[in-house]
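Let's walk through this model together, starting with a strand and ending with a pair of helices. Keep the structure open beside you as you read.

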Amino acid sequence: TRQWQNTPAQGSESVRDQLKLDNRPIVLLPTNVLGDSLTLGRQVFSKTMAEWVSRTILYFIGRPDIQLVIRIHPGEILTREYSMLDVVRKTLPELPEYIHVIGPEEKINTYDLVDITDIGLVYTTTVGLEMALKGIPVIVAGKTHYRGLGFTFDPNSWVDYFKMLGS
């Protein structure tokens with residue numbers, strides 16, 4: 001088995017300081033590995049996970065009142081092709097100070113990020129389930145095993161998704 005979190009927890013405040021996060025709300029978007037079978041054929045309203053991530057980033061350009069943290073799946077250190085990091089860079093080559101991208105090789109434990117997150121945005125990653133179990137509101141964009149069970153927000157269209165983000 002693989003252990004994706006091979007960076008020990010440092011504590012949420014340490015991560016907050018490291019990323020220079022302030023008191024604005026924090027939205028965590030943990031990605032799946034691009035091309036992972038858990039993302040294929042799981043579309044609800046976006047054509048792909050990459051499209052969903054890209055359009056989400058573009059939405060947050062107009063929201064400097066919120067800090068977006070995109071955690072690229074640590075498993076992408078094993079990929080050699082196009083990655084979610086490439087999707088982010090292509091969408092927004094210059095990031096504003098309130099949008100943070102954590103690459104797959106960075107020594108930041110995802111669960112430290114979860115501890116400071118106000119809302120989670122996920123496609124199919126299990127981190128969405130784990131955030132919901134901690135009482136963090138989660139918006140699920142893809143067809144995953146926990147979508148539609150009543151403890152996540154499950155938009156069926158781009159309009160629904162952007163309305164949920166705006167509330």
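**A covered strand and a helix pair**

Strand E1 (residues 26–30) is mostly covered, with 5 of its 5 residues buried, where buried means under 20% relative accessible area with a 1.4 Å probe and protein chains only. Strands here are DSSP runs of at least two residues and helices are H or I runs of at least four, numbered from the N terminus. This is a predicted model, in which local features need pLDDT of at least 70, side-chain atom pairs count only at pLDDT 80 or more, and totals for chains, interfaces and linings use all residues. Residues are numbered from 1 along each chain as its sequence is written, and side-chain values use heavy atoms, leaving out hydrogens and water.

E1 pairs in the parallel sense with strand E2 (residues 67–71) over 5 bridges; pairing requires at least two bridges found by DSSP. Within E2, Gln67 is the bridge partner of Ile26. E1 also pairs with strand E4 (residues 119–122), again in the parallel sense, over 2 bridges, and there Leu28 stands opposite Gly120.

Now turn to the helices. Helix H2 (residues 49–61) packs against helix H6 (residues 158–166) at an angle of about 40°, their axes 12 Å apart. The axes are lines fitted to C-alpha atoms over the stretch in contact, and angles run from 0 to 180 degrees between N-to-C directions. The contact (heavy atoms within 4.5 Å) involves residues including Trp52 and Tyr59 of H2 and Trp158 and Phe162 of H6.

Key: Buried means under 20% relative accessible area, exposed over 50%, partly exposed in between (1.4 Å probe, protein chains only).
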